[in-house]
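Me: Got a new model to look through. Can you walk me through the fold and then some individual residues?

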Amino acid sequence: MNATPSRGIELQRRLVQFAAQILTLCPKLRRTQIGRHISSQMLRSASATAANYAEARAAESRMDFIHKLRIVLKELNETDVWLQLINETALVPAEITQPIVAENQELCRIVAASVRTARQLNQ
């Protein structure tokens, strides 16, 4: 039996960990109207990444898989915008958000590559 998790399981784990990082970050935002708004929006988009990836893994067809992966990518991109806003407005110190931003960017690259690969296999 192979003890190494599949790529799909590993990506699912990373997306869950990413969402957990956002869950930990959001309480650090100032409790202003702006902080609450960004926190709420970012919680939705970041947590949706793992949930939508789980849906993609259970897709009914390759086209359904591609569609759901593209939703994951859209949610990651949205989360990136909220992280950029946090950095631009210095709502929390950059040293706190820097590793989260780096992971988000890497996850975007992985998911985008997966979409490209799945589309090529579908042709």
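This is a predicted model: local features need pLDDT of at least 70, side-chain atom pairs count only at pLDDT 80 or more; totals for chains, interfaces and linings use all residues.

Me: Which helix does Arg14 lie in?

Reply: Arg14 lies in helix α1.

Me: And is Arg14 buried or exposed?

Reply: Arg14 counts as buried, because its relative accessibility is 17% and the cut-off for buried is under 20%.

Me: OK, zoom out. How many helices and strands does the protein have?

Reply: There are four helices and zero strands. Going from the N terminus, the elements run α-α-α-α.

Me: What box do the C-alpha atoms fill?

Reply: Roughly 45 × 30 × 20 Å, taken along the principal axes.

Me: What share of the residues is buried?

Reply: Buried residues make up 39% of the 123 residues in the protein.

Me: And how many of the contacts join residues at least 24 apart?

Reply: Counting contacts between residues at least 6 apart in sequence, 75% join residues at least 24 apart.

Me: Helix packing next. At what angle do α2 and α3 pack?

Reply: About 155°, with the axes of α2 (residues 33-57) and α3 8 Å apart. The two helices are therefore roughly antiparallel to each other. Their crossing is left-handed. By class, the contact of α2 with α3 has 15 nonpolar, six polar and four charged residues.

Me: Now α3 and α4: how do their axes cross?

Reply: The axes of α3 and α4 cross at roughly 160° and come within 9 Å. That pair is therefore roughly antiparallel. The crossing of α3 and α4 is left-handed. The contact of α3 with α4 divides into 19 nonpolar, eight polar and four charged residues.

Me: What's in the loop between α3 and α4?

Reply: Ala90 lies in that loop. Ala90 isn't a glycine, yet it has a positive phi of about 55°. Most residues other than glycine have a negative phi.

Me: How accessible is Ala90?

Reply: Ala90 has a relative accessible area of 45%, so it is partly exposed.

Me: Back to α4. What should its residues span, and how far apart are its end C-alpha atoms?

Reply: Helix α4 covers residues 94-122, which is 29 residues, and at 1.5 Å a residue they should span 42 Å. The end C-alpha atoms of α4 are 41 Å apart, which agrees.

Me: Which residues of α4 are buried?

Reply: The buried residues of α4 are Thr97, Ile100, Val101, Glu103, Asn104, Leu107, Cys108, Val111, Ala112, Val115 and Ala118.

Me: And what covers them?

Reply: The cover over the buried residues of α4 includes α1 (7-25) and α3 (62-89). Glu103 and Leu107 are among the residues that Arg14 touches, and Arg14 lies in α1.

Me: Let's finish on Asn104. Where does it lie, and what is its relative accessible area?

Reply: Asn104 lies in helix α4. Asn104 is buried, because its relative accessible area is 0%.

Me: Which residues is Asn104 in contact with?

Reply: Leaving aside neighbours within four places in sequence, Asn104 is in contact with Phe18, Leu76, Thr79, Asp80 and Leu83.

Note on methods: Residues are numbered from 1 along each chain as its sequence is written. Side-chain values use heavy atoms; hydrogens and water are left out. The expected span of a helix is 1.5 Å times one less than its number of residues. Buried means under 20% relative accessible area, exposed over 50%, partly exposed in between (1.4 Å probe, protein chains only). Contact means heavy atoms within 4.5 Å. Axes are lines fitted to C-alpha atoms, for helices over the stretch in contact, and angles run from 0 to 180 degrees between N-to-C directions. Angles under 35 degrees count as roughly parallel, over 145 as roughly antiparallel, 65 to 115 as roughly perpendicular and the rest as oblique. A crossing is left-handed if the near helix is turned anticlockwise from the far one by less than a right angle, and right-handed if clockwise. Ala, Val, Leu, Ile, Met, Phe, Trp, Tyr, Cys and Pro count as nonpolar, Asp, Glu, Lys and Arg as charged, and the others, Gly among them, as polar.
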